[in-house]
Number of protein chains: 2
Amino acid sequence: ILARIRCPDLLTRIATPDQAASLIHDGMTIGLSGFTRAGDAKAVPLALAERAKRHPMKLTVITGASLGHNTDKLLYEAGLLARRMPFQVDDTLRAAINRGEVMFIDQHLSETVEALRSRQVGPVDMAVIEAVAITEDGGIVPSTSVGNSASFAILAPKVIIELNLTYSAAMEGMHDIYIPAKRPSRTPVPVVTCDSRVGTPYIPIDPAKIAAIVITREADSPARVATPDPATTAISAHLVDFLQNEVKKGRLPPSLNPIQAGIGVIANAVLSELNRSDFQNLRMYSEVLQDSTFELIDSGKLLYASGCSVTLSAPWAERVFNNIEAYRDRIILRPQEISNHPEVIRRLGIIAINTALEFDLYGNVNSTHVGGTHMMNGIGGSGDFARNAYLSIFVAKSQAKSGAISAVVPMASHVDHTEHDVDILITDNGLADLRGLAPRERARQVIAHCAHADYRDLLSDYFERACRERGGQTPHLLSEAFSWHERYTRTGQMKP
Amino acid sequence: ILARIRCPDLLTRIATPDQAASLIHDGMTIGLSGFTRAGDAKAVPLALAERAKRHPMKLTVITGASLGHNTDKLLYEAGLLARRMPFQVDDTLRAAINRGEVMFIDQHLSETVEALRSRQVGPVDMAVIEAVAITEDGGIVPSTSVGNSASFAILAPKVIIELNLTYSAAMEGMHDIYIPAKRPSRTPVPVVTCDSRVGTPYIPIDPAKIAAIVITREADSPARVATPDPATTAISAHLVDFLQNEVKKGRLPPSLNPIQAGIGVIANAVLSELNRSDFQNLRMYSEVLQDSTFELIDSGKLLYASGCSVTLSAPWAERVFNNIEAYRDRIILRPQEISNHPEVIRRLGIIAINTALEFDLYGNVNSTHVGGTHMMNGIGGSGDFARNAYLSIFVAKSQAKSGAISAVVPMASHVDHTEHDVDILITDNGLADLRGLAPRERARQVIAHCAHADYRDLLSDYFERACRERGGQTPHLLSEAFSWHERYTRTGQMKP
Ligand SMILES: CC(C)(COP(=O)(O)OP(=O)(O)OC[C@H]1O[C@@H](n2cnc3c(N)ncnc32)[C@H](O)[C@@H]1OP(=O)(O)O)[C@@H](O)C(=O)NCCC(=O)NCCS
Ligand SMILES: CC(C)(COP(=O)(O)OP(=O)(O)OC[C@H]1O[C@@H](n2cnc3c(N)ncnc32)[C@H](O)[C@@H]1OP(=O)(O)O)[C@@H](O)C(=O)NCCC(=O)NCCS
């Protein structure tokens with residue numbers, strides 16, 4: 001422990017999870033470390049949920065992104081969650097949000113910190129941050145994610161550290177903490193390549209703010225392993241074909257532009273397909289580094305990966321975290337403000353690959369709201385990337401729920417990414433290249449290439465009638481635009 | 001003329017508009033200078049329209065933004081417009097677009113050039129650029145706008161220059177031409193304040209590419225003068241109140257952050273209201289510099305204005321352009337890629353004020369599509385600013401068409417700016433501050449503060465029933481979501 005807490009004055013702050021949790025009071029806003037189940041505060045939220053059963057309280061809970069360990073479920077069930085931002089993936093919490101019980105603020109992941117910093121949201125009263133070490137000066141070395149931890153710790157008056165002994169202290173050096181200066185003297189974010197190191201390897205804070213240090217030993221919840229299926233394999237093949245063609249046309253270099261890939265089964269399948277392709281010297285500038293990122297590193301195809309968290313399945317976690325020295329020079333973890341920064345994304349010319357719930361004839365994408373009303377997870381970083389990327393690609397299986405739902409609909413029932421921000425749409429059925437096309441031209445591409453055969457004629461019929469009966473730049477029949485969604489609610493089937 | 005064409009070799013390239021127009025052939029993509037009616041190519045497009053009557057041809061026409069002089073109308077009527085991007089405001093062209101006769105690609109104004117540069121769109125075969133001078137090395141000094149002119153001239157193999165003698169050669173020095181480097185060696189855009197000068201005062205091109213120089217004398221079409229009315233005055237008052245309060249709360253400095261204001265009557269009213277306020281030392285980082293910008297400069301309240309064009313009414317044009325030396329140090333004109341650059345907008349922390357056609361209970365904004373289908377003008381720069389701004393503000397009159405239309409609707413019939421990108425909504429009725437609120441909370445604010453009294457109960461009724469009957473993060477009744485729009489089409493009235 002002495003090797004992990006290198007600022008000896010801080011040894012007296014070691015506390016139990018209960019003692020630390022007792023520093024958090026009703027009405028507070030707390031900032032928890034954690035991004036896609038990695039590096040989340042584990043012991044203190046649990047103790048807090050227990051405490052709240054005896055001492056009811058309501059909190060605003062802000063995280064990087066999703067937490068592991070059922071933490072969101074436990075906090076909700078303890079009656080503790082009044083407000084939650086900016087992202088979540090928990091089934092129980094999702095249901096509560098959709099009942100209107102928890103106010104959920106679904107934000108672009110790069111923007112939460114800006115809102116806090118300028119006090120448009122917040123202030124954060126307490127930060128709870130997982131770390132692998134504390135430096136001589138009280139600097140916090142994060143564990144498997146950075147998320148919003150750096151700004152939580154810097155902005156909050158008090159910080160609780162969960163020092164996780166399971167993760168090697170050799171992680172030190174893997175993180176790059178850069179915080180933009182206050183306006184009006186803010187200067188460019190100096191990241192110019194995926195591997196630019198521009199900050200410190202720890203979160204610099206005044207050690208006097210460290211209110212408690214809790215020692216933990218629990219690992220991150222393992223990533224859900226997503227095995228490719230025929231649909232995701234087909235999607236990946238269309239994408240790799242497309243990228244090869246872009247290289248042939250001279251629009252992308254042979255090593256491509258830096259890649260961002262969302263989380264989940266499709267992103268994993270895409271990266272696996274890249275692993276089987278001829279591409280070399282790839283680079284990633286992404287949020288989450290998953291199993292497939294490390295497969296690509298191991299196979300020598302991926303030179304460098306910049307992200308915000310490392311979220312792995314159990315076998316890959318063992319492999320990577322027990323050999324962190326071998327990977328430490330190939331990866332870099334940044335605050336989500338920087339991994340998702342519009343400035344850097346535009347500069348590097350990212351190829352952004354994210355998953356849609358549904359999209360429409362004209363290229364509007366719904367990532368968040370099932371049936372236009374019910375929150376799935378949140379927009380996450382998809383908007384940060386899509387709206388500033390060089391190529392903004394959305395993928396989806398052409399059908400969901402065994403064909404009862406078409407991912408291609410007349411009109412998206414909620415829009416997270418507008419027609420102006422979407423370049424390429426891919427389903428298992430094919431790829432629609434929307435670049436430089438007017439809406440009516442896009443519709444023909446989307447119907448021909450993306451729609452499942454079972455829905456193609458229905459979409460054509462809608463589109464042709466909309467052109468004829470209503471016209472306009474973006475023809476629609478408003479009285480029918482959501483009829484497929486309505487029919488699904490009524491009959492469990494979008495098809496008539 | 002010798003003083004204007006300082007590269008003597010080029011004197012032989014002087015040509016008539018007809019001669020220049022004859023260099024443009026069927027099937028070409030041409031890039032025309034011009035941004036919000038300022039600095040548009042005037043003589044060659046006119047000659048081209050004449051020529052097309054005798055020699056039918058189809059072109060793709062790309063501009064900065066809107067053109068003056070009925071150019072879009074004339075090009076359309078000559079049967080010449082196959083494709084048009086990225087923005088327009090012409091009545092005749094608008095109707096043709098909405099009949100599906102001209103393919104209109106409605107793009108974020110900062111992105112057209114990126115698409116051209118990477119050959120995702122284009123290539124541009126010919127650039128037609130208005131200038132006030134040509135330097136010793138063939139550099140082009142633009143006139144009253146920069147728009148996309150610099151990249152058109154750099155990317156096209158041939159350039160026609162319209163040298164406009166009406167505008168003073170003393171404009172030289174007012175422009176700042178900075179072109180981001182090719183990836184992967186692109187570095188930060190070094191603009192760190194509104195008045196940063198980071199490029200050259202002319203567009204640097206190889207003089208051998210200059211195919212023709214046409215001498216012109218016609219001025220820009222004057223801006224339509226928009227006089228404030230009670231509604232726009234009320235909107236401005238709400239906005240200024242809000243800004244004063246933000247200063248009081250310490251969220252904005254007393255001189256505010258740099259301001260962007262869209263074009264039109266409301267933007268003008270807002271800036272006039274600022275002129276009557278106590279704010280001092282203001283700065284603008286905007287697209288269009290209008291009459292009101294210069295009023296603010298004259299009154300000493302505005303220190304500096306960075307933009308992409310100067311679009312003035314006839315009296316202000318006389319005042320400003322005849323005294324350009326007096327204003328030259330207070331204004332800077334940049335390529336629209338830079339005036340609207342996500343990187344710079346985020347860095348400077350812009351306060352973005354744009355006009356909506358309609359918005360919904362949850363903060364989704366429609367800027368472009370009347371009734372969800374018919375193009376008004378285009379998204380212009382509103383998305384570039386809104387999605388990366390510090391404060392993203394949308395304004396609208398609470399009603400249109402004498403009350404037959406409510407600007408606040410259950411669901412936006414087209415989404416250009418998503419709920420994730422909208423902070424503040426203002427109508428004559430009041431201001432809704434959506435920051436940090438969940439959708440159900442936003443709805444209550446929007447209904448209470450923005451809706452016109454005639455529509456308030458109808459909106460409340462929709463919202464309450466949607467919560468009760470359907471629920472979700474964002475309650476909607478899909479079968480009714482567009483019923484107001486449908487009723488307007490049927491009866492000419494949104495009210496039942
Ligand atoms: C869109 C998103 C929910 C897709 O998730 P996924 O796990 O990759 O995709 P799946 O195909 O497994 O779909 C997940 C569920 O949604 C359902 N679904 C998919 N499309 C649907 C639609 N149009 N309507 C209703 N349900 C749908 C699936 O049936 C599945 O349900 P199940 O779990 O009950 O079987 C997910 O990618 C997401 O949350 N995206 C937004 C955030 C983001 O993009 N982040 C990336 C940067 S971090
Ligand atoms: C939205 C926009 C059309 C509003 O224009 P404006 O001239 O400021 O506003 P007005 O209130 O005068 O409205 C213009 C017309 O739209 C009509 N209108 C307004 N709201 C409407 C609605 N919800 N449905 C139908 N028509 C509507 C008005 O009645 C008016 O019609 P008229 O000319 O026949 O009287 C304009 O700001 C725009 O094109 N914005 C998008 C681009 C942009 O934001 N650029 C800013 C950065 S450059």
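In the predicted model described here, an oxygen atom of ligand 1 lies 2.6 Å from a polar side-chain atom of A:Asn377, where a polar contact is a pair of N or O atoms within 3.5 Å; within protein, one of the two must be able to donate a hydrogen and the other to accept it, and residues adjacent in sequence count only if both atoms are side-chain atoms. An N or O atom in the side chain of A:Lys401 is 2.8 Å from an oxygen atom of ligand 1, and a polar backbone atom of A:Leu357 is 3.0 Å from a nitrogen atom of the ligand. On its own, ligand 1 exposes 960 Å², of which the protein buries 73%; such accessible areas come from the Shrake-Rupley method with a 1.4 Å probe, and for residues only the protein chains shown count as cover.

Around ligand 1 there are 19 residues, of which A:Glu287, A:Leu357, A:Met376, A:Asn377 and A:Lys401 come nearest; a residue is near a molecule or strand if one of its heavy atoms lies within 4 Å of it. This shell has seven nonpolar, nine polar and three charged residues. Ala, Val, Leu, Ile, Met, Phe, Trp, Tyr, Cys and Pro count as nonpolar, Asp, Glu, Lys and Arg as charged, and the others, Gly among them, as polar.

The model is predicted, with local features requiring pLDDT of at least 70 and side-chain atom pairs pLDDT 80 or more, while totals for chains, interfaces and linings use all residues. Residues are numbered from 1 along each chain as its sequence is written, chains are lettered from A and ligands numbered from 1 in the order in which they are written, and side-chain values use heavy atoms, with hydrogens and water left out.

An oxygen atom of ligand 2 is 2.7 Å from a polar side-chain atom of B:Asn377, and a nitrogen atom of the ligand is 3.0 Å from a polar backbone atom of B:Leu357. The protein covers 73% of the 960 Å² that ligand 2 has as accessible area on its own.

A:Arg387 is placed in the loop between helix 14 (382–386) and strand 21 (391–395) of chain A; helices (H or I, at least four residues) and strands (E, at least two) are DSSP runs, numbered from the N terminus. With a relative accessibility of 4%, A:Arg387 counts as buried, a class that means under 20% relative accessible area, with exposed over 50% and partly exposed in between (1.4 Å probe, protein chains only). The side chains of A:Arg387 and B:Asp421 are joined by a polar contact of 3.1 Å. Beyond its neighbours within four places in sequence, A:Arg387 is in contact with residues including A:His108, A:Asp421, B:Glu111 and B:Arg387, contact meaning heavy atoms within 4.5 Å.

The largest nonpolar core has 79 residues, of which B:Ile140, B:Leu243, B:Phe294, B:Phe321 and B:Ile393 touch the most other members. A nonpolar core is a set of buried Ala, Val, Leu, Ile, Met, Phe, Trp, Tyr and Cys residues joined through side-chain atoms within 4.5 Å. Leaving aside neighbours within four places in sequence, the contacts of B:Ile393 include B:Leu239, B:Phe242, B:Ile351 and B:Ile426. A second, separate core of 78 residues includes A:Ile129, A:Ala133, A:Ala156 and A:Leu431.
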